[in-house]
Amino acid sequence: MTSDRTDAIENLLREDRTFEPSEEFVANANLSDASIYERAATEEGFRAFWTEEGNGLDWIEPWTDLYEWTAPYAKWFIGGKLNVSVNCLDRHVAAGLGERVAYFWEGEPGETRTITYADLLDEVCQLTNALRDLGVKKGDRIAIYMPMIPELPVAMLACARIGAPHSVVFGGFSADALADRIDDAQCTVVITADGGYRKGATVPLKKAADEAIGRTASVQHCVVVQRTGDEVAWDDARDHWYHELIKDQPRIADPEPMDSEDLLYLLYTSGTTAKPKGIMHTTGGYLAGVATTHRTIFDLKPETDVYWCMADIGWVTGHSYIVYGPLANATTGVIYEGAIDFPEKDRWAKVAAKYRATILYTAPTAIRALMKYGADAFADDDLSSLRLLGSVGEPINPEAWAWYWKEIGGGRCPVVDTWWQTETGMIMITPLPGITTLKPGSATFPFPGVVADVVDEAGFSVPLGGGGYLVLERPWPAMLRGIYGDPERYESTYWSRYPGRYFPGDGCKRDDEGYYWLLGRVDDVMNVSGHRISTTEVESALVSHPSVAEAAVVGRSDPITGQAIFCYVILRSGFDASDALGAELRGHVADMIGKFARPKQILFTPDLPKTRSGKIMRRLLRDIAEQRDLGDVTTLADSGVVNAIRDQSGSGED
Ligand code: WT7
């Protein structure tokens, strides 16, 4: 970055500058009347709002009651029947939009596909028929483990058409992680690919799927998309090529009428224990929630916008805002398979320019990575088509916000910083770009009808100007309906700390004007590049290695990835600390969980600070990790660190 640019960013941040929507933006905005907040605040207005949104969907049978709330269990659009794939595809084709592009797809090596709504419906029907021929029926769970190729949304929509809940496992997860998820939901089919492309290399997905299936007992069929052409092992009795399965299938398939509260999908996310939670999302409320928020928060104009969410479909952002929300709104979207900076630093900008993207939705970690390359890296790419920018996944620091606004948005695009979670299903705290005056770094206000508060330990509301724990007080249509197979954990994780109120696990402060400033997790969950990873998950991966006696893991703040995984390791006797062992342990965690969970640093230590009751003092460990320069990747605790640890551990914080 040149010093001129740096000064410009500084200026944007000076005197707490705020950013009002431009007159032009307001004039054309889907929502520009702030009274929507007041209206949706009353029970009557809230009901009217979601009734209208529900009516915007296609129902096979109409619902009778809008919602029912017996804390902590909600039901929405009660009695209604619908099919999500019909709402995402058939109804648009029936309305004459068959030739509209659903996705511009670009592979990392550069090939492209343009898929219209009619194309997508055809292929979804073919796969629906193929899966039904394999015996898949309503209620069966299907694991999907795929790269970012068009067949991934096709697979999700075919599952939705059958009523077979999908469990998409991000392609960066390891065989072990996939096996755990297959096993937990007892999936009968796995849909995968031979591999995918990432930074010029291929990722061997079928190989990992084979290993995972080998460790589980429920899988009867494995459907494999040919993507890389790499050779793969084959089990004739179990494996099927996707292209062979679908080629003679009719392009028409009956959609299963689903109850509004039937399960649409499971998506596993990390909690504070080593076992991931299968978050349950159902049909009617989820679809209404994601369609509504997508249309209003991104100010979507389906006729003219080209919307590009850069997340992976394997995370909730992709489920809600690449697949279900956008397709329900008949959006034209972009799907890009690979790394945004490969093979050139400005690959992402070339993709955005090529498809004339108007809306971009990405994570602060990506923004900071691009910031490091500098705006010169994409100076030759024409980003003038952009009109709105979104951020998600972690708090966005004001510097990154201002840089995003100025350098990528050219100073003309509102930035919507959207707070939500796998569990909430839809965006919950966010600006509305035609209404909200923005403050860099703040997700601003709860979406209309969302009732949030910031409370202290005892659950009392903290007055404006203060900080505490975020809670949500009123049910919302896309909220999770439970943790698969574990209702007790559902109640204890989210509903027991403040009975009757939802506890997301985030710290938050509100300024004097009531703006929400999210502060990150307050539990033992790390946020690395916008990915949620639990400290205990990494600890249990470490102690599964023969050399490790004990491990403590903390998230250390990191200038690019938000947090980085920092591990304190006590070795078993007979093992000596070395760089080689450190590298092996980092690789071991990557093998056990996935490459995105590879620790940044291992610190071998003879001791760990514990409370008298034996609990590891994580806050102290985080302080040590953040305050001291501990070398690169693997370090043996020097005596200073050990002393610091020892000194503190004597003080017995309980
Ligand atoms: C956690 C949820 C939501 C899709 C991606 C992550 C953090 C998310 C923001 C934001 C501050 C944010 C929270 C939340 N988070 N968005 N705009 N500002 N923090 O989904 O893996 O379920 O993680 O991500 O800590 O609890 P997830």
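I take buried to mean under 20% relative accessible area, exposed over 50%, and partly exposed in between, with a 1.4 Å probe and protein chains only. This is a predicted model, so I note that local features need pLDDT of at least 70, that side-chain atom pairs count only at pLDDT 80 or more, and that totals for chains, interfaces and linings use all residues. I number residues from 1 along each chain as its sequence is written, and my side-chain values use heavy atoms, with hydrogens and water left out.

**Aromatic pairs**

I looked up ring pairs next. A pair of aromatic rings is described by the distance of the centres and the angle of the planes. I pair rings of Phe, Tyr and Trp (its six-membered ring) if their centres lie within 6.5 Å; planes under 30 degrees apart count as stacked, over 60 as edge-to-face and the rest as tilted. The search of the whole structure returned 42 aromatic pairs.

I opened Phe 298 and Tyr 361, an edge-to-face pair at 4.7 Å centre to centre with 65° between the planes. Phe 298 lies in the loop between helix H11 (284-297) and strand E16 (306-309) and Tyr 361 in strand E18 (residues 359-362), so this pair ties together parts that are 63 residues apart in sequence. Helices (H or I, at least four residues) and strands (E, at least two) are DSSP runs, numbered from the N terminus. Tyr 361 has 1% relative accessibility and counts as buried; Phe 298, at 0%, is buried too.

I then took Trp 308 and Tyr 336, whose ring centres are 6.4 Å apart with planes at 90°, so I filed the pair as edge-to-face. The pair links distant parts of the chain, with Trp 308 in strand E16 and Tyr 336 in strand E17 (residues 332-336), 28 residues apart. Trp 308 is buried at 2% relative accessible area, and Tyr 336 is buried at 5%.

I also noted one aromatic cluster whose members include Phe 46, Trp 50, Tyr 67 and Phe 447. Arg 474 lies over the face of Phe 46, at 4.0 Å from the ring centre. I count a charge as over a ring if NZ of Lys or CZ of Arg is within 6 Å of the ring centre and within 35 degrees of the ring normal.

**Ligand**

I counted 17 residues around the ligand, the closest being Asp 417, Thr 418, Thr 422, Asp 506 and Arg 532; a residue is near a molecule if one of its heavy atoms lies within 4 Å of it. A polar side-chain atom of Arg 521 is 2.8 Å from an oxygen atom of the ligand, and one of Gln 421 is 3.0 Å from an oxygen atom of the ligand. Taken alone, the ligand exposes 550 Å², and the protein buries 96% of that; the accessible areas come from the Shrake-Rupley method.

I followed Arg 532 to Thr 269, where the two side chains make a polar contact at 3.4 Å. A polar contact is a pair of N or O atoms within 3.5 Å; within protein, one must be able to donate a hydrogen and the other to accept it, and residues adjacent in sequence count only if both atoms are side-chain atoms. Thr 269 lies in strand E14 (residues 263-269) and is buried, at 6%.

**Backbone**

I found a cis peptide bond between Ala 71 and Pro 72, with omega about 0°. Another cis peptide bond joins Phe 342 and Pro 343, with omega about -5°.

Definitions and conventions: Areas by Shrake-Rupley, 256 points an atom, 1.4 Å probe, with all protein chains shown as cover.
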